[in-house]
Amino acid sequence: MAVLKVLEYPAKVLLTKSPEVDVFDADLKKFVKDMHDTMEDANGIGLAANQVGALKRVLTIFIPHQDNRYEDDEPLEPKMGWHDKKFTFINPKITKKQGKVRFQEGCLSFPEIFENVDRAADVWVDAFDENGKEFSVHATGLFSICLQHEIDHLDGIVFTDRMSRLKQSMVKKKMQKRGSMD
Ligand SMILES: [Zn+2]
């Protein structure tokens, strides 16, 4: 198990668009495994490669059904097909979006920040797995929100970019304060 360091805002790599992966080799598989280990260690439900300093279009998702602070657990929502599943998306592309949803999101690169963000309710995504095999998903609920959040990371977009100006400056001040205290 290898846990990588998760970079926090305003690390420049978080604001940089990642190029596509074109080599599917053993190094990529190891990196994907490290990303899953890192995400589990940090109690995150999604992670993009640039959050651990690597500029490549790779993201991982694992949304536990229980003990998941991003969903209300009282009462526990019914288990969906995407709960408790390890997902790896390489070179993901959103092919269709539908509906609107507002959800209070968090991000491992913005500790202790939770703010509402508007996104599409459903997305259809084409991607490759770590073996280079192509697959498609129709994502709903928190899976869809998480996938859009992580694909944004690959484009150098952080969730504060989706907030109002006022919220953005509040979050930036909080993050600066945090930086100066470390
Ligand atoms: Zn994030």
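What spacing do the donors of the zinc ion follow along the chain? I looked this up first: the pattern is C-x41-H-x3-H. Donors here are N, O and S atoms within 2.8 Å of the metal (3.2 Å for Na, K and Ca), and water is not among the atoms, so sites may look incomplete.

Before going on, I noted that this is a predicted model, where local features need pLDDT of at least 70, side-chain atom pairs count only at pLDDT 80 or more, and totals for chains, interfaces and linings use all residues. Residues are numbered from 1 along each chain as its sequence is written, and side-chain values use heavy atoms, with hydrogens and water left out.

**Zinc site.** I found the zinc ion coordinated by Cys-107 through SG and by His-149 and His-153 through NE2, at 2.0 to 2.2 Å. Both histidines sit in helix H2 (residues 141-154), 4 residues apart, about one turn of the helix. Helices (H or I, at least four residues) and strands (E, at least two) are DSSP runs, numbered from the N terminus. I also saw that His-149 and His-153 are buried, meaning under 20% relative accessible area, with exposed over 50% and partly exposed in between (1.4 Å probe, protein chains only).

**Gln-148.** I placed this residue in helix H2 too. Gln-148 is buried, at a relative accessible area of 6%. Beyond residues up to four places away in sequence, Gln-148 touches Ile-94, Arg-119, Ala-120 and Val-123; contact means heavy atoms within 4.5 Å.

**Val-101.** I found Val-101 in strand E4 (residues 101-107), partly exposed at 26%. Its contacts outside four places in sequence include Ile-145 and Arg-119. Val-101 and Arg-119 are 18 residues apart in sequence, yet 5.4 Å apart in space, C-alpha to C-alpha.
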